[in-house]
Amino acid sequence: SAFAGKRIVIFSGGPAKGKDEVLEEIRGIAKGGGFGSIVGRNAFQRPKEEAIELLHQIQDIFAAEK
């Protein structure tokens, strides 16, 4: 499958991780040319305010790599 000339690869599942580990993984995905990540449990199993902060940080990482 392709979208706008890019292949779409989806990785899903895995354990919940610490915030720093999640952000490091996201930085690697963004630097490698990825444009998104499924974070599911890594966001939704946190208190609401902490989850929102994490999601904003993830958005900022992807925005910086454009």
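View 1. I29 is found in helix 1, in a model that is predicted, where local features need pLDDT of at least 70, side-chain atom pairs count only at pLDDT 80 or more, and totals for chains, interfaces and linings use all residues. Residues are numbered from 1 along each chain as its sequence is written, and side-chain values use heavy atoms, with hydrogens and water left out. Helices (H or I, at least four residues) and strands (E, at least two) are DSSP runs, numbered from the N terminus. With a relative accessible area of 27%, I29 is partly exposed; buried means under 20% relative accessible area, exposed over 50%, and partly exposed in between (1.4 Å probe, protein chains only). Not counting residues up to four places away in sequence, I29 touches G34, G36, S37 and F62, where contact means heavy atoms within 4.5 Å. I29 and Q59 are separated by 30 residues in sequence and by 12 Å in space, C-alpha to C-alpha.

**View 2. The packing of helix 1 against helix 3.** Helix 3 covers residues 48-64, and helix 1 packs on helix 3 at an angle of about 20°, their axes being 9 Å apart. Axes are lines fitted to C-alpha atoms, for helices over the stretch in contact, and angles run from 0 to 180 degrees between N-to-C directions. The two helices, helix 1 and helix 3, are therefore roughly parallel to each other; angles under 35 degrees count as roughly parallel, over 145 as roughly antiparallel, 65 to 115 as roughly perpendicular and the rest as oblique. Their crossing, that of helix 1 and helix 3, is right-handed. A crossing is right-handed if the near helix is turned clockwise from the far one by less than a right angle, and left-handed if anticlockwise. On the helix 1 side the contact is made by K19, V22, L23, I26, R27, I29 and A30, and on the helix 3 side by E53, L54, Q57, I58, I61 and F62. The residues of this contact divide into 9 nonpolar, 1 polar and 3 charged. Ala, Val, Leu, Ile, Met, Phe, Trp, Tyr, Cys and Pro count as nonpolar, Asp, Glu, Lys and Arg as charged, and the others, Gly among them, as polar.

View 3. R46 counts as buried, at 17% relative accessibility. A polar atom of the R46 side chain lies 2.4 Å from the backbone oxygen of N42. The side chain of R46 also makes a polar contact with the side chain of E50, at 3.1 Å. A polar contact is a pair of N or O atoms within 3.5 Å; within protein, one must be able to donate a hydrogen and the other to accept it, and residues adjacent in sequence count only if both atoms are side-chain atoms. Beyond its neighbours within four places in sequence, R46 is in contact with K17, G18, K19, V22, A51 and L54.

**View 4. N42 in helix 2.** N42 has its place in helix 2 and, at 10% relative accessibility, counts as buried. Leaving aside neighbours within four places in sequence, the contacts of N42 are with P15, A16, K17, V22 and L54.

View 5. K17 is found in the loop between strand 2 and helix 1, and G18 lies in the loop between strand 2 (6-7) and helix 1 (19-31). K17 counts as partly exposed at 22% relative accessibility, and G18 counts as partly exposed at 40%. From C-alpha to C-alpha, K17 and N42 are 6.2 Å apart in space and 25 residues apart in sequence. For G18 and N42, the C-alpha to C-alpha distance is 8.0 Å and the sequence separation is 24 residues. Apart from neighbours within four places in sequence, K17 is in contact with V22, E25, N42 and R46.

**View 6. The chain as a whole, for orientation.** The chain has 3 helices and 2 strands, which run β-β-α-α-α from the N terminus on.
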